[in-house]
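Visitor: I would like to learn how to read a structure like this one. Can we go feature by feature?

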Amino acid sequence: MPDITREEVAHLADLARIDLSDAELDHLAPQLAVILDSVKSINEVAADDVPPTSHALPLTNVFRADVVRPGLTAEEALAGAPEVEQQRFSVPRILGEEA
Amino acid sequence: MSTSTTTRLMSFDEALEKFDPVMGLEVHVELNTASKMFCGCPTEFGAEPNTQVCPVCLGLPGAMPVVNEKAVESAMRIGLALNCQIAEWCRFARKNYFYPDMPKNFQTSQYDEPIAFDGWTEVEVDGETFRVDIERAHMEEDTGKSLHVGTSGRIHGADYSLVDYNRAGIPLIEIVTKPIVGTGAKAPLVAKAYVAQLRELLLGLGVSDVRMEQGSLRCDVNLSLRPVGQEAFGTRTETKNVNSLRSVERSVRYEIGRQGALLEDGGTVVQETRHWHEDTGVTTSGREKSDAEDYRYFPEPDLVPIAPSREWVEELRGSLPEPPREHRARLQAEWGFSDLEMRDTVGAGALLLVEQTIAAGASPAAARKWWLSDMARRANEQGVDLADLPVTPADVARVQALVDEGKINDKLARQVFDGVLAGEGTPDEVVAARGLAVVSDEGALSAAVDRAIEANPDVADKIRDGKVAAAGALIGAVMKEMRGQADAGRVRELIIEKLS
Ligand SMILES: [Zn+2]
C-alpha cells in the first residue's frame with residue numbers, strides 16, 4: 001500500500017486547481033509515493049532524543065518596528081502581470097468559491 | 001447556485017419552542033498599525049489600487065517576511081482584555097489554498113498554537129448577563145480584494161477578476177468563541193451585544209478602527225440547532241459577510257428560522273458556508289466547508305517562533321483600560337443615567353457615540369437625546385448601524401452647542417443634521433449655506449408677534465383671560481411666519497408680555 005493513493009493525488013490536484021488527466025494521475029501518483037518514501041527515511045535517522053523541529057535556528061522574537069517603508073509603485077508591481085485592467089491584476093475566471 | 005426563493009422559514013417563536021440554538025462567533029479585526037503584518041507597506045484605507053505593495057505582500061520569489069512587533073503587542077493586549085492566557089511560545093503556520101486574493105498561494109496564519117487562548121467575556125442583554133467563552137485569538141494577515149468582472153456580476157458568472165493587493169498582508173486578529181449555549185430566544189441579541197462590546201473593547205484598546213462598513217471588523221456566524229433537551233450539537237452552518245451589528249442579529253434570526261423549518265420537515269442541515277445578503281436579509285448556500293486538513297497547515301519556516309517574556313505580558317496587562325463592565329458602571333455614574341437609560345444606550349449600540357459626543361462637549365442628556373431618538377430613527381430608516389451614519393460625535397456636540405448658544409433651535413438642529421447627513425459639510429457650514437440661524441432680531445420677532453395677535457383676536461382674548469396654554473397657537477403662527485427660524489421660548493415670552 002503506497003503512502004499516497006491515486007485518489008489523494010487527485011484531491012490534492014483539485015485543491016491546487018490543477019486539472020490532471022487519468023493518464024497523468026496514473027503517471028504522477030506512484031512518483032509522489034516514491035518522494036514521500038524518500039523523505040520518510042529521515043524518520044529512521046531521528047532517534048527518540050531528537051524533538052521534532054520546524055526551524056533550524058535557535059531564535060525567537062525576530063521583529064521589525066511598525067514603520068512604513070517604501071515598496072513598489074503600481075507600475076512596478078504590475079510589470080510582470082500577464083494582464084492589467086484598472087490598475088489591477090487581471091486573472092482568469094474564479095473556479096469555485098472564495099476561500 | 002441554490003439561491004432558493006422557496007426557502008421555508010419557521011417562525012422565530014416556534015423554532016425556539018422546539019430547538020435550542022448554539023452559536024459560535026468568529027470576528028476578524030484589522031489592526032490599525034501603520035505598516036503591514038510582515039512588510040513595511042502602509043495600511044491606509046482607500047488608496048489607489050496596488051500602490052501599497054512590495055515583493056513580500058505580492059508573494060514574489062525570494063521575498064522574506066519579518067513580523068511587525070506592534071501587531072504582536074496588539075494581539076496580546078486583545079487576548080489579555082478577553083481574559084485569555086498568552087502563549088509562552090507559538091508559531092505562525094501556512095494555510096495553503098489557491099485563490100488569487102493570496103498571491104503566495106497560502107495565508108500566513110496561526111494554527112494549533114494561537115498567541116492567546118482560553119478567555120472569556122460577559123455581555124448583558126436586557127439586564128441579563130451572558131458569559132461568552134473565548135476559544136482563541138490568533139494572528140494572521142488579510143487578503144487582497146477581488147473585483148469580479150462579467151455579465152452576471154456573480155462570482156460564478158464572472159469572466160475574469162481584477163485584484164488589488166493593497167489589503168493583502170494587513171494584520172488581522174481572528175477572535176473565536178467557544179460554542180455559546182443557553183441563550184435561547186436571546187441568541188440574536190446576545191450575538192449582536194457580543195460584537196458591539198468587542199467593538200467597544202477594541203476601540204478602548206486603540207488597536208483597530210473597528211469600522212464594520214469599511215471591513216476592519218467582520219463577523220462570521222456559526223449556528224446550529226438541537227432539539228430542546230438534547231445534549232449533542234446539531235450540524236452547523238457558517239454565515240459569512242455579516243458586516244453590521246444589525247446584520248449579526250438578523251442573520252442569527254434567519255438561520256434559526258431556516259434550519260428550524262428544515263429539521264421540522266425531516267431534512268438535514270448541510271455543513272457549509274453561507275453568504276449573508278444585507279439587501280434581502282437572507283443567507284444563500286456557498287461552498288461545502290473544507291476540512292482543516294485540506295489547508296495542509298504546516299509551521300511557517302520563514303518566521304521564527306514568538307516567545308513573549310512574562311515581563312512583557314505583565315507590562316501589557318498593566319496597560320489595559322478598565323474592562324467593559326467597570327467602564328459602563330463608571331460612565332453611568334458620571335452621566336447620571338438610570339439603569340434603563342443606560343441599557344437603552346448600550347442596546348442601541350450608542351455607548352461609544354454618546355461617550356465621544358460628551359467628550360466633545362455635549363451634556364450627557366443631550367448626547368443621549370440626539371443619538372437615541374433622532375439618529376436612531378434615521379439609522380433605522382436607512383437600514384444601517386448608528387455608527388455608520390455619516391455624522392460624527394463631534395458634529396452632534398457642535399449642533400447641541402449651537403442650540404445652547406441660541407443660534408438654532410431643535411427644529412433647525414434637525415435640518416442641520418439633514419444637511420450633514422447629505423454631505424453638505426460641517427454643522428457650521430450647513431447653518432451658513434442653508435441660512436438656518438434663528439432670528440434674534442427683537443424688532444422682527446416683536447413685529448411678527450404683533451401680526452399673529454392681530455390675525456387671531458379670539459386666541460389673544462383667551463390669553464388675556466389667563467388661558468396661557470392657548471399661546472401655543474400664536475407661537476405656531478409666529479414660527480410659521482419665521483419659517484421655524486425663531487427661538488420658541490423667546491416668542492412665548494413676548495406673547496405673554498404683550499397680552500398681560
Ligand atoms: Zn508589502
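Visitor: Let us start with salt bridges. Which residue forms a salt bridge with Lys186(B)?

Guide: The general idea comes first. Side chains of opposite charge can pair when their charged atoms come close. Bear in mind that this is a predicted model. Here Lys186(B) pairs with Glu128(B), and their closest N and O atoms are 3.0 Å apart. The two residues come from distant parts of the chain, 58 residues apart. Lys186(B) sits in the loop between strand 10 and helix 3 of chain B, while Glu128(B) belongs to strand 7 of chain B.

Visitor: Which residue meets Arg328(B) in a salt bridge?

Guide: Glu200(B) does, at 3.0 Å from N to O. This pair links helix 6 of chain B, which holds Arg328(B), to helix 3 of chain B, which holds Glu200(B). They are 128 residues apart. Arg328(B) counts as buried at 12% relative accessibility. Glu200(B) is buried as well, with a relative accessible area of 12%.

Visitor: What does the salt bridge of Arg250(B) with Glu278(B) tie together?

Guide: Arg250(B) lies in helix 4 of chain B, and Glu278(B) in the loop between strand 13 and strand 14 of chain B, so the pair ties together parts that are 28 residues apart in sequence. The closest N and O atoms are 3.5 Å apart. Arg250(B) is partly exposed, at 26%. Glu278(B) is partly exposed, at 33%.

Visitor: How many salt bridges are there over all chains? And which residues are linked in a network?

Guide: The count comes to 46 salt bridges over all chains. A network of salt bridges links Asp374(B), Arg377(B), Arg378(B), Glu381(B), Arg414(B) and Asp418(B).

Visitor: Now the metal. Which protein atoms are the donors of the zinc ion?

Guide: The donors are the SG atoms of Cys39(B), Cys41(B), Cys54(B) and Cys57(B), at 2.3 to 2.4 Å from the zinc ion. Along the chain they follow the spacing C-x1-C-x12-C-x2-C. Cys54(B) and Cys57(B) are both buried.

Visitor: Why is the arrangement around the zinc ion tetrahedral?

Guide: Check the angles. The four donor atoms subtend 98 to 116° around the zinc ion, which makes the arrangement tetrahedral. The test asks that all angles lie between 85 and 135 degrees.

Visitor: On to strands. Which residues of strand 1 of chain B point one way, and which the other way?

Guide: In a regular strand the side chains alternate between the two faces of the sheet. In strand 1 of chain B, Phe19(B), Pro21(B), Met23(B), Leu25(B), Val27(B) and Val29(B) point one way. Asp20(B), Val22(B), Gly24(B), Glu26(B), His28(B) and Glu30(B) point the other way. Twelve of the twelve residues are buried, so strand 1 of chain B is largely enclosed by the rest of the structure.

Visitor: Which way do strand 1 and strand 11 of chain B run, parallel or antiparallel?

Guide: Strands of a sheet pair through backbone hydrogen bonds, either parallel or antiparallel. Strand 1 and strand 11 of chain B run antiparallel, joined by eleven bridges. Val22(B) stands opposite Ser224(B) in strand 11 of chain B. Strand 1 of chain B is also joined to strand 10 of chain B by five bridges, again antiparallel. There Glu26(B) has Val176(B) as its bridge partner.

Visitor: What is the order of the open sheet of four strands?

Guide: The order is 2(A)-3(A)-9(B)-8(B), with antiparallel pairing. Strand 2 of chain A and strand 8 of chain B stand at the edges with a single partner strand each, so one side of each is left without a neighbour in the sheet. Strand 2 and strand 3 of chain A pair over two bridges. Val84(A) stands opposite Phe89(A) in strand 3 of chain A.

Visitor: One last residue. Where does Cys90(B) lie, and which residues does it touch?

Guide: Cys90(B) lies in the loop between strand 3 and strand 4 of chain B. At 1% relative accessibility, Cys90(B) counts as buried. Beyond its sequence neighbours up to four places away, Cys90(B) touches Gln110(B), Glu113(B), Pro114(B), Ile115(B), Pro305(B) and Ile306(B). The C-alpha atoms of Cys90(B) and Pro299(B) are separated by 9.9 Å, with the two residues 209 apart along the chain.

Technical notes:
Residues numbered from 1 in each chain as written. Chains lettered and ligands numbered in written order. Predicted model: local features only at pLDDT ≥ 70, side-chain atom pairs only at ≥ 80, totals over all residues. Heavy atoms only, no water. Donors = N, O, S within 2.8 Å, 3.2 Å for Na, K, Ca; no water. Tetrahedral: all angles 85-135°; square planar, octahedral: opposite > 155°, others 65-115°. Buried < 20%, exposed > 50% of the residue type's maximum accessible area, 1.4 Å probe, protein only. Pairing = 2+ DSSP bridges. Salt bridge = Lys/Arg side-chain N within 4 Å of Asp/Glu carboxyl O. Contact = heavy atoms within 4.5 Å.
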